[in-house]
Amino acid sequence: MKNLTAHHIIAAVALAVSFIVYTSTVADTVSFWDCGEFIAASYSMGVPHPPGAPFYLMLGRFFSLLPLASDIGLRVNMMSPIVSALTVLFLYLSIVRLIRAYHGREQTTAHKITVYGAGLVGALAFAFSTSFWFNAVEAEVYAMSMFFTAIVFYLALRWLDVADQPQGNAILLFIFYLFGLSSGVHLLNVLTIPALTYIVAFYKYPVNVKTFLIAGLIGCVLTLAIYPGIIQGFPFLILKLSIWGVIVLLGLMLWAAYWCYKNDKRILAMSLIVVLLVMLGYTTFFYIKIRSGLNPFLDENDPETWASLLAYINREQYGSESLFLGMFKRNAPFWSYQIRDMYFRYLGWNFFEPARLFAIPLLLGLIGMFHHFYRDKKNALVILALFFMTGLAIVLYVNQDDPQPRERDYSYVGSFYAFAVWIGLGALALIETAQTYLRQIKREWVTGGTVGILLLAAPVNMLVQNYDQQDRRGNYVAWDYSYNLLNTCEPNAIIYTNGDNDTFPLWYLQVVDNVRPDVRVVNLSLLNTGWFVRQIRDKEPKCPMTAKITDNYIKNVIDSREVEGLRDRIWAQTRKVQVQGLTPSSPKLVWDVPGPLAYPVGAGGRYEYFLRVQDLMILNTIAQNASDGWAKPIYFAVTVSDNNLCGLRNLREPNKNYLAMEGLAFRLHPEPVGLIDPRRVAENMMRVYKYRSIKDRSVYFDDNVQRLLGNYRQGLIQLAYHWIQQAEYADDYDSTGVDMPLKDRVEQFEVLPLRIKALTALEFMDSAIPDDRVPIKYDFLALEIGRRYAQLGRPDQMRRILDRIVKEDTLTAQKALEYGTYYLTEAQSPDRARELFELSLSESQTLENIYRIGYMWLQFGGDTAWLKGLYDSYLAKDDSRMTRLKVAGHTMNLGMLDVALGIYEPLWRADPGDGAAVQGLVECHKRRGDLNQALTYVNDWLGAYPDDSNMVRKRAELLALQGR
């Protein structure tokens with residue numbers, strides 16, 4: 001303890017503060033996206049999606065055994081706060097080391113406060129940045145990946161202190177071992193290699209263009225040598241030479257390294273040892289092959305052979321196109337999407353955002369960058385290399401499509417780490433500036449005060465602003481959603497799911513919490529792969545498949561990339577499919593299946609249609625299940641899009657629909673059914689499902705979670721709509737039980753009158769998923785809910801919904817007219833409607849707009865006085881003849897005949913030859929029933945203009961009405 005310095009204390013503060021914040025916000029259980037898969041694979045020592053994370057999984061298994069919490073998910077989650085806090089520690093140490101490179105060692109108290117304070121500002125700004133914090137509180141690989149980046153970068157800087165000593169070589173060798181080890185977490189760490197080469201190069205050679213270019217080239221070569229060289233090449237060597245051949249090769253390399261060392265060929269010896277250490281760290285990937293050979297429940301890609309392991313590491317499941325070659329053909333607009341939307345937007349999330357962060361972190365970073373280049377160009381170039389390689393270089397390499405299924409900010413956290421170094425250096429520059437301009441004040445006070453202000457302005461403000469969004473405590477949405485989806489299914493069911501969020505958390509519940517392991521979860525994306533087809537065919541719970549789905553069929557059709565493999569998938573634009581039951585008397589499923597893939601073939605633009613593998617397998621399972629007497633219930637999650645349902649759901653022709661909603665899933669029936677099963681929807685959604693944390697306002701829901709929660713709302717809306725329709729068909733207006741508490745109505749739901757069932761469904765929806773907690777994203781949906789309430793005699797709910805929409809929306813003339821109409825017709829609030837109508841007119845005071853408003857106003861019982869005032873106001877601005885004729889025509893058509901006559905008569909008196917005015921007078925009197933007066937005007941006109949055929953016909957019409 002006697003060697004404990006202020007530097008160590010501040011480093012401990014950075015570590016402790018970040019760790020406390022992360023553990024106070026860590027997720028209590030499973031989260032969405034890959035977390036469920038990683039926790040389940042860690043707990044069961046399974047194999048996750050390619051390219052795997054074996055070292056992470058081994059550590060995850062260790063943490064799953066620690067008695068840190070009762071929830072296994074929380075135990076594994078705790079890895080991330082620990083490694084993230086250590087990342088912050090190493091960032092602090094790195095910033096201080098970079099400052100010392102041009103400041104020298106700290107001598108005075110003020111100097112210590114300056115250097116350590118700047119390091120703390122930069123480290124904690126990164127600690128509380130959006131993207132890094134997000135990764136720090138859940139079971140994902142990105143937190144640990146950043147830890148490896150941070151420790152490698154710090155060790156590279158530490159190497160500068162001992163570069164000419166034997167310890168320096170040991171540090172470099174350890175760094176390369178970490179590169180190999182980190183490949184068992186994520187491959188982003190190898191992108192720090194160019195920065196490492198610059199550190200070494202600038203230490204040994206002068207900083208100039210030649211050194212910069214050569215070092216950069218060496219860095220890129222080393223990066224490629226490790227990935228794809230060693231990481232993809234190691235299993236390739238094993239495949240070609242056998243495992244014993246590779247062992248012999250490694251032995252020879254080890255002997256060669258020893259020989260080179262003894263013969264003073266140090267560089268060659270170091271190179272050989274580097275390769276061996278990278279391979280040693282990389283051996284964690286043997287876990288993948290070993291565990292796959294034991295066939296765990298999670299065994300993605302089944303990489304139990306060296307060939308399949310190589311395919312697994314190469315991510316062949318996701319396509320064979322070279323990412324390197326693909327760089328030269330952009331998949332989306334480079335600047336507007338890949339740079340602006342997929343990089344700068346994320347940089348802004350973390351350090352800009354004027355409304356929350358006041359751009360202070362960004363300004364500090366920019367100041368720090370210029371300061372760094374001014375004071376220490378060679379290390380500034382190192383940080384620039386790290387910033388570029390872990391940011392814009394990823395943009396260039398990955399070449400992301402538009403749109404992406406989720407936000408990808410986690411990919412660029414290494415770049416944000418580099419920027420945080422400059423935030424620390426920017427803090428240093430401002431501290432030095434304050435010291436220069438405030439010399440009359442004691443230096444320690446100025447320094448301490450400036451550090452305190454900067455800590456408050458950047459990291460503390462970021463902590464306060466981001467805390468609610470990053471706090472995962474009490475968030476059980478992913479667990480509950482998965483529980484609810486699994487429990488929608490009958491025993492031994494098959495459920496087809498759409499993507500990560502309705503697959504990985506379900507696996508977590510089945511593997512870790514033993515919830516509904518009888519249900520076979522079939523991810524439709526994975527269903528296009530042969531390995532997954534084999535697993536669901538052979539592993540319990542099994543999917544029924546016909547005898548044709550042999551290993552040869554899987555190889556030659558499902559996994560084939562040859563034209564011959566498409567033969568079984570040739571289809572038509574639409575083809576009728578018939579599935580035979582167990583016996584002749586069993587129901588037959590007959591429906592039209594569209595061909596989802598279409599390719600132009602030959603001349604004339606003729607198209608050939610094909611099934612996807614997933615479609616082929618769905619049809620195969622349905623056919624076999626039917627021949628087994630429908631032994632296994634089959635479901636599709638409601639998140640599965642219509643084009644993935646093989647034509648089984650038919651909204652246009654209900655008599656051809658075979659999928660009925662039962663909550664979060666559609667169930668397949670062998671005979672046509674209604675679009676929903678109201679009994680099952682009510683039972684599941686109001687009695688079986690869990691809705692924890694939805695009402696807890698301390699829990700933050702991002703857009704993804706809110707969209708998923710919308711699935712609950714959709715199910716209950718469909719249930720309400722069903723019972724409203726039934727009530728209308730039956731002309732049933734029974735309101736018995738409407739005053740019962742909601743809980744009692746839910747318990748007695750089956751015996752409630754039809755309309756009260758519908759009302760109960762809507763009120764349960766608002767109780768379980770309140771719209772002020774989970775906003776309804778689309779106004780048309782909110783209005784649809786309001787209309788349902790209005791149909792059920794609850795216009796107050798429509799008013800509530802309209803009030804919210806009007807408050808949040810930017811009202812154009814058209815929108816104000818539409819909302820005013822809803823207030824008038826559905827919400828039964830004429831005063832509020834008139835306010836909106838007047839607002840519409842203030843935006844667009846045209847006669848057409850007045851007429852539309854007037855029509856609605858009078859249609860639903862409004863008084864004519866207000867409407868007359870609108871027209872009078874318009875005429876006060878424009879009383880031309882044409883305008884008065886238009887107003888008279890409007891008011892006549894609206895039934896305001898006295899007003900119309902009050903306009904036509906003065907026009908006629910002013911000019912008895914005004915045909916339009918006379919025609920208006922005739923029509924007004926006719927509509928009033930004063931046929932004699934109408935005939936008087938007609939006869940007078942014909943006396944002057946006897947050849948007017950229109951008036952001749954009008955006279956005949958009036959005489960006919962009089963019976964003459």
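## Helices H34 and H36

Helix H34 (residues 813–825) packs with helix H36 (residues 847–859) at an angle of about 10 degrees, and their axes are 10 Å apart. Axes are lines fitted to C-alpha atoms, for helices over the stretch in contact, and angles run from 0 to 180 degrees between N-to-C directions. Helices (H or I, at least four residues) and strands (E, at least two) are DSSP runs, numbered from the N terminus. H34 and H36 are therefore roughly parallel to each other; angles under 35 degrees count as roughly parallel, over 145 as roughly antiparallel, 65 to 115 as roughly perpendicular and the rest as oblique.

On the H34 side, the contact is made by Gln 814, Leu 817, Thr 821, Leu 824 and Thr 825, and on the H36 side by Asn 849, Arg 852, Ile 853, Met 856 and Trp 857. Contact means heavy atoms within 4.5 Å. The residues of this contact of H34 with H36 comprise 5 nonpolar, 4 polar and 1 charged. In this classification Ala, Val, Leu, Ile, Met, Phe, Trp, Tyr, Cys and Pro count as nonpolar, Asp, Glu, Lys and Arg as charged, and the others, Gly among them, as polar.

## Basis of the model

The model is predicted: local features need pLDDT of at least 70, side-chain atom pairs count only at pLDDT 80 or more, and totals for chains, interfaces and linings use all residues. Residues are numbered from 1 along each chain as its sequence is written, and side-chain values use heavy atoms, with hydrogens and water left out.

## Helix H40 and its partners

Helix H39 (residues 897–910) and helix H40 (residues 915–928) have axes that come within 9 Å and cross at roughly 150 degrees. The contact of H39 with H40 has 11 nonpolar, 2 polar and 4 charged residues. Among them are Leu 901, Tyr 904 and Trp 908 of H39 and Leu 921, Cys 924 and Arg 928 of H40.

H40 also packs with helix H42 (residues 949–962), at an angle of about 10 degrees and with the axes 12 Å apart. H40 and H42 are therefore roughly parallel to each other. Here Val 918, Gln 919, Val 922, Glu 923 and Lys 926 of H40 meet Met 951, Lys 954, Glu 957, Leu 958 and Leu 961 of H42. By class, the contact of H40 with H42 holds 5 nonpolar, 1 polar and 4 charged residues.

## Two open sheets

An open sheet of 3 strands has the order S3-S7-S6, with antiparallel pairing. Two strands pair if DSSP finds at least two bridges between them. Strand S3 (570–571) and strand S6 (597–600) stand at the edges with a single partner strand each, so one side of each is left without a neighbour in the sheet. S3 pairs with strand S7 (residues 607–610) over 2 bridges, and Trp 571 stands opposite Tyr 609 in S7.

A second open sheet has 5 strands in the order S2-S1-S8-S10-S9, and its pairing is mixed. Its edges are strand S2 (520–523) and strand S9 (659–661), each with a single partner strand. From one strand to the next, the twist averages 30 degrees. Strand S1 (residues 494–497) runs parallel to S2, joined by 4 bridges, and Thr 497 stands opposite Asn 523 in S2. Helix H27 (residues 613–627) packs on this sheet and touches S1, strand S8 (634–637) and strand S10 (665–668); the direction of H27 makes about 150 degrees with that of S8.

His 371 is found in helix H18 (residues 360–375) and counts as buried at 11% relative accessibility. Buried means under 20% relative accessible area, exposed over 50%, and partly exposed in between (1.4 Å probe, protein chains only). Leaving aside neighbours within four places in sequence, His 371 is in contact with Tyr 102, Leu 425, Leu 428, Ala 429 and Glu 432.

Ser 182, found in helix H9 (residues 166–182), is buried with a relative accessible area of 2%. Not counting residues up to four places away in sequence, Ser 182 touches Phe 148 and Asn 189.

## Backbone details

A cis peptide bond joins Tyr 227 and Pro 228, with omega about 15 degrees; Pro 228 is found in helix H11 (residues 209–262). The peptide bond from Asp 402 to Pro 403 is also cis, with omega near 5 degrees.

Met 45 is not a glycine, yet has a positive phi of about 55 degrees. Met 45 lies in the loop between helix H2 (35–44) and helix H3 (54–65) and is partly exposed, with a relative accessible area of 26%.
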